[in-house]
Amino acid sequence: MDGNSDVKALADALWVYFQPKVLEMMQAGVSFYRAQVVAEAGEGGRTITVQKPMDSTRLALPFVPSAQELKVGDQALVLVFGSPSNAIVLGDGVLGNL
């Protein structure tokens, strides 16, 4: 074997150990996605229900005041802190309205 093959074999072997740890650390990260509003907040509502494209899962999430006016069919920006259930609807995706 040449030096590059040896290093690659070592890296592949180590990745089996590191991959679960990297994925675990990434779960606590912040991410975002666009989703379609499938249920409005309504009067005194505390959540807006959204659905990701090509995903049948619907999530009822809290929202910032600027998202109160979102209607069914509108696109919304969803900010996620770690797990998918720990998210908030930010409105129509214009970050300037925060």
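Biologist: Which residue in strand 5 is the bridge partner of V78?

Modeller: The bridge partner of V78 in strand 5 is V89. Before we go on, please keep in mind that this is a predicted model, in which local features need pLDDT of at least 70 and side-chain atom pairs count only at pLDDT 80 or more, while totals for chains, interfaces and linings use all residues. Residues are numbered from 1 along each chain as its sequence is written, and side-chain values use heavy atoms, with hydrogens and water left out.

Biologist: How many bridges join strand 4 to strand 5?

Modeller: As a general idea, two strands pair if DSSP finds at least two bridges between them, and strands (E, at least two residues), like helices (H or I, at least four residues), are DSSP runs numbered from the N terminus. Here, three bridges join strand 4 (residues 75-81) to strand 5, and the two run antiparallel.

Biologist: What is the order of the strands in the sheet?

Modeller: The five strands form an open sheet with the order 3-2-1-4-5 and antiparallel pairing. Strand 3 and strand 5 (87-89) are the edge strands, each of which pairs on one side only. From one strand to the next, the twist averages 40°, where axes are lines fitted to C-alpha atoms (for helices over the stretch in contact) and angles run from 0 to 180 degrees between N-to-C directions.

Biologist: What do strand 2 and strand 3 form?

Modeller: They form a hairpin with six residues between them, and M54 in the turn has a positive phi of about 60°. Four bridges join strand 2 (residues 48-51) to strand 3 (residues 58-61), which run antiparallel, and I48 has L61 as its bridge partner in strand 3.

Biologist: Why is W15 called partly exposed?

Modeller: Buried means under 20% relative accessible area, exposed over 50%, and partly exposed in between (1.4 Å probe, protein chains only). W15 is partly exposed because its relative accessible area is 45%. Leaving aside its neighbours within four places in sequence, W15 is in contact (heavy atoms within 4.5 Å) with P20 and V22.
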